[in-house]
Amino acid sequence: QDEDFRGSVGPESYMADDGDTSDEELPHIIVGGQADTPQPVRKAYKAYAPRTDRNPSLRRIKSNAEMHTLWEPIINKESSGMIKLGAMKQLQDDEYADEPITPHVTDCSTRRDDSKKARICINGKAEKKRGVFPSREFLRSPAMEEVLLRFLYSLGAYYRLLRKESDVAQCFQNVPMSSVRIPRNIVIFLSELECRVPGGARFLMQSCGYGTADAGREWFIIIEAFFLDQGFSQCDYNECLFVKHIGTEGIIIIGVATDNTLRIHTRDPATIEADQELMQAMDNRWKMTHGEHSDLLGVVVTENLDESWTLTQPSQIKTVQDHFYPNGKGPYVIAPGKRIAHARMNDKYSQADYMSGLGKCGYLRLTRADLRAGMAILGESLQDPTVKDAEQLEWIASMICTTKAVGLTFHAGPRDASIRAKVPLHGSSDAAWSTEKTSQSRLGFMIGIGLPPTYEKGEVRSAPFLFKSMKEKSTV
């Protein structure tokens, strides 16, 4: 959406036309379903979501009276909300007349609960091409990733901590343009459909807004300063992790995932009161939504009867199933040693489709440790996949879709365990071997909380890999 901008003559040309492309020589790919227009695959082989009734382009909304009636109020709720919030203001004809128009995309989408949403996104690449920012590092946007998320969940389960979430509404709109490291004038043109002004109008962005290249970093600077002002300490090894000790027993641990914050804390009264004060401080600063956490970064957490926590990714599993088994065909339970056979398997497999499927399966690495070895091996064939690689990838996809209930479970520790004491850790490597000069690991190592399992000295345990060609053993 943010790379091809071709419109008609006049004000409409200022809009990012996300339903067309001027690069006809590029290869195309459709991922599940039918698109209005094939979307271009770029150098990185990004597979764009197809345009359907659930995420229509503005061109399609304009040309369809029924869709216009459905989506026009939702689009204008977004633009009027931005004006009311002070994120942008309408310009007169003579105001900022010399400023170039920055392209944008108004993205319309349907959530998983079938509610509708529209978002006005600036084309950040246009500013990068103009040389507004000094370097890529200047734009680096920290956010909680899979390792930190697993770390927090493992701590929470082991020490039976309370788990909560706080979400900042429209977080990037809360980044004033006057306070960013590079203040500038961003002028966009909204069509009549987007702003209800006859013929459309120009608007000046007064906040960073969604889509600007520096929005993520500027927001993190704000949220980082907030937690430090609240008395939290920032982790030296992961800048998205914040910790605050309460008295002699309590602790609040926070992981920042852009506009979402995952908080886990002890159950003592002093810490519960401190957490309530923190929520009030956030409410005083921004429009917030607080609640018990159950779904962050697409991960659903279920608390079991034995007080363990199980992590699954049902929405990502559905994405995998829709990609490999469109129209409800499959998946199939496959006997070991037999070739996968269904409508999408043939003698040729495109690199773009292979990369797209591998990426969709790869997102499950957060909760499916059993996939990591196989996915790492298939990743070595990313640039030149063979038919065998494609078959093995679909084998993994079938395994995913027929084992949906499998997840990652963290167990509770002893009831007298204190998180303010030293945290016991143990580690092991997978498929490790040594030579006279070096020690190596085939795929990595694991660190766990709690006391290590007891093995006899020199005992060797087999590692269950997906491929018969894997002959290494896992040594503790």
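**Rings, a sheet and a covered helix**

In this predicted model, nine aromatic pairs are counted when ring centres must lie within 6.5 Å.

Reader: Why is the pair of F172 and Y210 called tilted?

Author: The ring centres of F172 and Y210 are 4.8 Å apart, which is within the 6.5 Å limit for a pair, and their planes stand at 50 degrees; since planes under 30 degrees apart count as stacked and those over 60 as edge-to-face, the pair is therefore tilted. F172 belongs to the loop between β6 (162-168) and β7, whereas Y210 belongs to the loop between β8 and α6 (215-229), so that the pair links distant parts of the chain, 38 residues apart. Both F172 and Y210 are buried.

Reader: Which residues do ring pairs link into a cluster?

Author: The cluster consists of W219, F226, F227, F232, F242 and W286, linked by ring pairs.

Reader: What makes R181 a charge over the ring of F138?

Author: The charged end of R181 sits 3.7 Å from the centre of the F138 ring, and because the rule asks for CZ of Arg within 6 Å of the ring centre and within 35 degrees of the ring normal, the placement counts as a charge over a ring. R163 likewise lies over the face of W309, at 4.7 Å from the ring centre.

Reader: Why are β3 and β7 called edge strands?

Author: Three strands form an open sheet in the order β3-β8-β7, with antiparallel pairing. In that sheet β3 (88-90) and β7 (186-190) each pair on one side only, and they are therefore its edge strands. From one strand to the next the twist averages 30 degrees.

Reader: How do you know that β7 and β8 pair?

Author: Pairing requires at least two bridges, and five bridges join β7 to β8 (residues 201-205), so the two strands qualify, running antiparallel. I188 stands opposite F203 in β8. Helix α2 (residues 65-85) lies across β3, β7 and β8, and runs at about 100 degrees to β3.

Terms used
Residues numbered from 1 in each chain as written. Predicted model: local features only at pLDDT ≥ 70, side-chain atom pairs only at ≥ 80, totals over all residues. Heavy atoms only, no water. Helix = DSSP H or I, 4+ residues; strand = E, 2+ residues; numbered from the N terminus. Axes fitted to C-alpha atoms, helices over the stretch in contact; angles between N-to-C directions. Contact = heavy atoms within 4.5 Å. Phe/Tyr/Trp six-rings, centres within 6.5 Å; stacked < 30°, edge-to-face > 60°. Buried < 20%, exposed > 50% of the residue type's maximum accessible area, 1.4 Å probe, protein only.
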